[in-house]
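Trainee: I am new to this structure and would like to walk through it with you. Could we look at it together?

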Amino acid sequence: MQSQRERREVRPRAGWTVMGKGVAGPSALEVGKILVLFLCLFPSVSLQCKILKCNSEFWASTSSSGPEEEFCTALRAYNNCVRRTARTCRGDLAYHSAQHGIEDLMSQHNCSKEGPTTQPRARTPAPPPPPQLQPDSQERSDGPEQCHYERSLPRHSSPPNYTHCGFFGDPHLRTFSDDFQTCKVEGAWPLIHNKYLSVQVTNTPVVPGSSATATSKLTIIFKNFQECVDQKMYHAETDELPAAFADGSKNGGDRHGANTLRIVDKVPGQHVEIHARYIGTTIVVRQVGRYLTFAVRMPEEVVNSVEDRDNQDLYLCLHGCPANQRIDFRTFRDRVEGHSLSRTGSQSHGFTYQAAMAKCKERLPVEDLYFQSCVFDLLSSGDINFTMAAYYAFEDVKMLHSNKDKYHIFEKDAFGSNAAQRGSDMFSLVLLNCLSMLLWIECCWVHL
């Protein structure tokens, strides 16, 4: 009979090396993998010897990170299983390797041979994960065609024209027609109101006594749409930017196309996106500092699907802010800049004009209207978070606007169009006067 020492010395020939504390070699859980390989190389063994079953049950019932007590219990059960195979496996090298391995594992983990044993639990396969929503172009059809905006269009029609509207800062509005305005609009105002959804913002004064306001509440209502979605409401306000609709759901309800309306939590408490694929619309809501920002990408057809044209004048994203609610921040800027030049170091809410310019330049290197709105916000409020509001508003433009040539809007674009319109109106008036004069002269000649 071999001594214990001799038995340990011949162990490597059986392909078994265990790893104890401070000893190199495979981990205990690799026992199963080694034996599986062994039995694959010698398939005749597995036809008679059931050592593989013992090994697989032990491997399935243990983990390298489990408590020692559970490991020892499983190891004793494994030992009992191996013993029951003694008659058919006595001449089998895998059987003897398992015996030696169990002995070494018990020694390494200080497991006693006497103690509780449990029938090893076979590891049940985990349930398949729920299907992941894919990007629009890859998403499987999980609803009728009319629940996917682009798929519902006529086959050979031209691609839809997507438009963008943004509302941010003190606040600043970029309309669907790329007009850029700074507004007062204190209280509740509708941004969007059409056949498919309504968006309303509530704006509160940023600084007492100032006409500048910012968005503290936002409500979006998605209306019932055919077989696709139930009516859903999303409500956000300062320090409460939920990743679900008001009823706790994250999609369009129980209908067949419900997943064509869903909420994605990009940055908890800071950035939420709502994808309404049945109307080809993406909405981005952020909280920056204490206020909310809003951005949307929407097909032109949906933008113009108004229900009651008599009540659309207050649809800000479509028509802009009313004239009596607009702020000419060029005049404000010129006044503050001149005041700063006449009185060195003069500050407005903690910022000089030059300091506000420098701060905004850090995030917005191009001096477009997003940069100018950043400067206006710092001077009118002193809240440095508005720098990031303007930055993220521009980032949303790059993500949502379909025409990269229109990402930046400059003063000449925003105010030059008004001047051009006034010039055109003046030319028409002069032309009309000339025609009237010619008709008058002609009538005079006829009477003569």
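Trainee: In β10, which residue is the bridge partner of Ile274?

Mentor: Happy to start there, with a note that this is a predicted model, in which local features need pLDDT of at least 70, side-chain atom pairs count only at pLDDT 80 or more, and totals for chains, interfaces and linings use all residues. Residues are numbered from 1 along each chain as its sequence is written, and side-chain values use heavy atoms, with hydrogens and water left out. Strands here are DSSP runs of E with at least two residues, helices are runs of H or I with at least four, and both are numbered from the N terminus. Strand β9 is joined to β10 (residues 281–288) by six antiparallel bridges, and the partner of Ile274 in β10 is Ile283.

Trainee: Is β9 enclosed or open, and how many of its residues are buried?

Mentor: Buried means under 20% relative accessible area, exposed over 50%, and partly exposed in between, using a 1.4 Å probe and protein chains only. On one side of β9, His271, Glu273 and His275 are buried, and on the other so are Val272, Ile274 and Ala276. Strand β9 (residues 271–276) is therefore largely enclosed by the rest of the structure, the buried count being six of six.

Trainee: Which residue takes a positive phi in the hairpin of β8 and β9?

Mentor: Strands β8 (residues 261–267) and β9 run antiparallel and share six bridges; two strands pair if DSSP finds at least two bridges between them. Val267 is set opposite His271 of β9. Three residues lie between the strands of this hairpin, and the one with a positive phi, near 80°, is Gly269.

Trainee: Why does one side of β4 and of β7 lack a neighbour in the sheet?

Mentor: These strands belong to an open sheet of four, with antiparallel pairing and the order β4-β5-β6-β7. Each of β4 (187–193) and β7 (232–237) has a single partner strand, so the reason is their place at the edges.

Trainee: How many bridges join β5 to β6?

Mentor: These two strands run antiparallel, β5 covering residues 197–205 and β6 residues 213–222. The number of bridges joining β5 to β6 is nine.

Trainee: Is α13 roughly parallel or antiparallel to α14?

Mentor: The axes of α13 (residues 369–381) and α14 (residues 385–400) come within 8 Å and cross at roughly 160°. Axes are lines fitted to C-alpha atoms, for helices over the stretch in contact, with angles from 0 to 180 degrees between N-to-C directions. Angles under 35 degrees count as roughly parallel, over 145 as roughly antiparallel, 65 to 115 as roughly perpendicular and the rest as oblique. So α13 and α14 are roughly antiparallel.

Trainee: Where is Pro171 found?

Mentor: The peptide bond leading from Asp170 to Pro171 is cis, with omega near -15°. Pro171 sits in the loop between β1 (162–168) and β2 (172–174).

Trainee: Is Asn110 buried or exposed?

Mentor: Asn110 lies in the loop between α7 (93–108) and α8 (149–152). Its phi is near 55°, a positive value in a residue other than glycine. With a relative accessibility of 68%, Asn110 counts as exposed.

Trainee: And Asp178, is that buried or exposed?

Mentor: Asp178 is in the loop between β2 and β3 (180–183), and has a positive phi near 70°. Its relative accessible area is 17%, so Asp178 is buried.
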